[in-house]
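Subject: Structure handover

Hi,

Here is the structure you asked about. My notes follow below it.

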Amino acid sequence: MDFTIGILGIQGGFSEHECALRKCLKQNGGVFEDINLKVHRVTQASDVPGLDGLVIPGGESSVTSRILDDAIMDELCTWANDDKHILFGTCAGLIVLSKNIENSMAGQQRRLSKLAKLDITTSRNYFGRQLNSFEGQIHIKDKEVSELHTGKNDAPDVCNGVFIRAPGIVSINSPTVKTLATIQVGEKEVIVGVQDKNCIALAFHPELTDDIRWHAYFLTMIIKRNSKQ
């Protein structure tokens, strides 16, 4: 099976996401056989047609909202509205995909509204500024994600999360949105991973760890959607 994955190449960890996706293949220690992945950066509207999946990486969400021109925003919106196409946002990508953004920059939410697929409220810089970046234990709430565990040392329902000036999900506003992951902060359980239909988003950076589960889950969604055609 041949799949083409785009990584929004405005800013952020393009190469880290590409490496994580390739680690999902059996020949690289992953879980998928007989899959050929083509991965390329998306920087203009003409890069969008033909994609099976799109990764919106971390970075600075306000910068992303300013750099994306109308042509690529319109093309991405049309593409994302086809349910067989799968979106995967991490950190700033979560903010881009959220219908409600707390602490947003002026005009940011209006600019990103075309791509907002998740009916959630996300707080920008929820965990603090750059100096408050941290690593913590993520609790995986979805069995399909847990079952993609390939490590030997971690329990299947936990993983390490890297939070860099990270957002947090403060509310889920639709019954169709399901919680994929949480993190315990003091006495509070904060939602840091969600899914709705063809869209998944995380507040942390799975591409900065050796754990392939989240990228493998993204590919699983693409395989399932394409097998129904």
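D142 is buried, because its relative accessibility is 10% and the cut-off for buried is under 20%. This is a predicted model, so please read every value as computed from it. D142 pairs with K178 in a salt bridge, with the closest N and O atoms 2.9 Å apart. K178 sits in strand β10 (residues 178-185) and D142 in the loop between β7 and α6, so the bridge ties together parts 36 residues apart in sequence. K178 itself is partly exposed, at 32% relative accessible area.

The loop that holds D142 also holds K141. K141 forms a salt bridge with E189, and here the closest N and O atoms are 3.2 Å apart. This pair also links distant parts of the chain: E189 belongs to strand β11 (residues 188-196), while K141 lies between β7 (134-140) and α6 (143-146), 48 residues away. How accessible are the two partners? E189 is partly exposed, with a relative accessible area of 43%. K141 is partly exposed as well, at 44%.

One more pair is worth a look. K84 and D82 meet through their side chains in a salt bridge, 2.7 Å from N to O. K84 is partly exposed at 32% relative accessibility. D82 is partly exposed too, at 27%. Across the whole structure, the search finds eight salt bridges. As background, side chains of opposite charge can pair when their charged atoms come close.

Now the core. The largest nonpolar core has 65 residues. Which members touch the most others? They are I5, L37, F163, V192, W214, F218 and L219. Helix α7 (residues 213-227) gives the most to this core, contributing eight residues. In soluble globular proteins, nonpolar side chains tend to be buried together.

Last, the cysteines. How many disulfides does the search find? Zero, over the whole structure. C24 is in no disulfide, and the nearest cysteine sulfur, that of C19, is 10.0 Å away. The cut-off for a disulfide is 2.5 Å between sulfur atoms. C24 is buried, at 0% relative accessibility. C91 is buried too, at 2%.

Best wishes

Technical notes:
Residues numbered from 1 in each chain as written. Predicted model: local features only at pLDDT ≥ 70, side-chain atom pairs only at ≥ 80, totals over all residues. Heavy atoms only, no water. Core = buried A, V, L, I, M, F, W, Y, C linked by side-chain atoms within 4.5 Å. Buried < 20%, exposed > 50% of the residue type's maximum accessible area, 1.4 Å probe, protein only. Helix = DSSP H or I, 4+ residues; strand = E, 2+ residues; numbered from the N terminus. Salt bridge = Lys/Arg side-chain N within 4 Å of Asp/Glu carboxyl O.
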